[in-house]
Amino acid sequence: MMHEAEEHFLGTREIATIAILGALGGSLSTFVGYLGNLVNLALGVPFGAGQFMAGLHVFWLVLMRLIASKRGVGTFGGTLKGLVELFAGSTHGVVIVLVSFVQGIIIDLAAEEGGPPQEAGARNQIVWWFVAGLSSASNVIVFQIVYFSGAPWIYLAAITALAFSSGAIFGGYFAWQTMFFIQDIGMTGFSVETPSLPESPVYRNIPAILFIIFLTTGALYYTIFVAKPFADPYACEITGDVANPFIYHPSDFIQQEVTIAAELQGAYTYIPPKNYTGVPLNILIERAEPSTEASTVRVEAKDGYSVEFGLSAVLSDDRLILTEEEDSGLWLIAAEYEGSYWVHKVSTILVT
């Protein structure tokens with residue numbers, strides 16, 4: 001009886017697995033957000049298409065639930081991952097903890113139906129992939145429940161389907177392939193039969209190896225060349241095709257501050273109308289003296305997120321301002337644009 005009772009409790013190995021994978025998943029969340037933004041830019045849309053990367057958030061939860069096959073591991077790990085994201089500076093604040101918590105609960109429910117990896121056949125793996133998709137798609141639903149952005153339902157259905165597909169691929173298929181790879185190098189502590197896969201470990205593990213290389217090199221590139229974690233949160237560089245590049249500090253432009261009323265309407269976030277005080281972006285651009293060939297203004301955040309405006313539109317817009325957000329840094333308020341153009345933690349304004 002004592003042996004059966006002990007099977008329900010987490011051991012040191014399982015706790016370490018949850019801690020390591022939860023910390024990795026949380027700390028790499030900004031990299032995943034950056035990938036999502038790249039997808040949006042590649043397709044020329046302001047937001048939504050980036051949900052194709054949403055499954056990378058669920059990948060860690062499925063992997064830890066497969067390796068540490070105990071009830072509650074998904075929920076515990078999801079909460080831990082969300083807390084790491086929160087303290088890493090997630091722009092979603094404490095809501096990101098709720099999102100990860102719900103994703104973890106769904107993974108735990110999937111494990112009951114899909115069964116432990118030692119007993120899972122081809123049908124059970126498909127069940128895991130399906131529920132990984134549901135877990136990934138739940139982020140859209142949770143954000144809507146919390147913020148109720150008012151986005152069209154047809155649009156929400158489209159990005160939910162995109163998030164589901166991402167979850168099935170990255171959270172389902174690739175998590176299982178990675179688990180097989182970890183098993184082959186003797187780190188799972190159990191054995192899973194893979195009769196339908198090639199016998200050679202080299203061929204069998206190619207998907208997992210490529211996926212791990214992608215995550216590792218991508219995260220290193222993002223950390224070294226894209227993210228600016230140590231930049232002053234209350235200053236930004238005005239640079240590019242300008243005659244007078246400079247570093248913007250709010251205290252130097254107090255006399256130019258204005259107050260506007262604006263309402264944030266995004267796909268995931270809604271903030272009712274309220275007043276914001278800051279410096280119009282057109283004043284900063286005029287101070288930098290853009291060249292006659294310049295045509296665009298790119299606003300970049302510390303985490304690599306960026307949006308682009310037409311130069312002429314910026315110069316004629318008095319409701320596009322940089323304000324100071326308490327305990328966070330500079331925040332671009334784009335009153336005449338939808339929510340994805342409101343940029344948190346602005347670090348660079350590039351004129352091209």
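Phe130 is partly exposed, at a relative accessible area of 46%. The model is predicted. The chain holds 12 helices and 9 strands. Of its 352 residues, 49% count as buried.

**Whole chain**
- Among contacts between residues at least 6 apart in sequence, 69% join residues at least 24 apart.
- The chain exposes about 16,700 Å². Carbon and sulfur atoms supply 64% of that area.

**Helix 8**
- Helix 8 covers residues 153–184, 32 residues in all.
- At 1.5 Å a residue, helix 8 should span 46 Å; its end C-alpha atoms lie 45 Å apart, which agrees.
- A kink of about 30° is centred on Ala175.
- Gly186 follows helix 8 and has a positive phi, near 75°.

**Aromatic pairs**
- The structure holds 21 aromatic pairs.
- Phe130 and Phe164 form one of them, edge-to-face, with 5.5 Å centre to centre and 70° between the planes.
- This pair links distant parts of the chain: Phe130 sits in helix 7 (residues 122–147) and Phe164 in helix 8, 34 residues apart.
- Phe164 is partly exposed, with a relative accessible area of 25%.
- Tyr173 and Phe174 also pair edge-to-face, at 5.2 Å centre to centre and 80° between the planes.
- Tyr173 counts as partly exposed at 29% relative accessibility, whereas Phe174 is buried at 17%.
- Ring pairs link Tyr173 and Phe174 into a cluster with Phe52, Phe59, Trp60, Trp129, Phe170 and Phe211.

**Charge over a ring**
- Arg287 lies over the face of Phe246, 4.9 Å from the ring centre.

Methods:
Residues are numbered from 1 along each chain as its sequence is written. This is a predicted model: local features need pLDDT of at least 70, side-chain atom pairs count only at pLDDT 80 or more; totals for chains, interfaces and linings use all residues. Side-chain values use heavy atoms; hydrogens and water are left out. Helices (H or I, at least four residues) and strands (E, at least two) are DSSP runs, numbered from the N terminus. Buried means under 20% relative accessible area, exposed over 50%, partly exposed in between (1.4 Å probe, protein chains only). Contact means heavy atoms within 4.5 Å. Accessible areas come from the Shrake-Rupley method with a 1.4 Å probe; for residues, only the protein chains shown count as cover. The expected span of a helix is 1.5 Å times one less than its number of residues. The bend at a residue is the angle between axes fitted to the seven residues ending there and the seven starting there. Rings of Phe, Tyr and Trp (its six-membered ring) pair if their centres lie within 6.5 Å; planes under 30 degrees apart count as stacked, over 60 as edge-to-face and the rest as tilted. A charge sits over a ring if NZ of Lys or CZ of Arg is within 6 Å of the ring centre and within 35 degrees of the ring normal.
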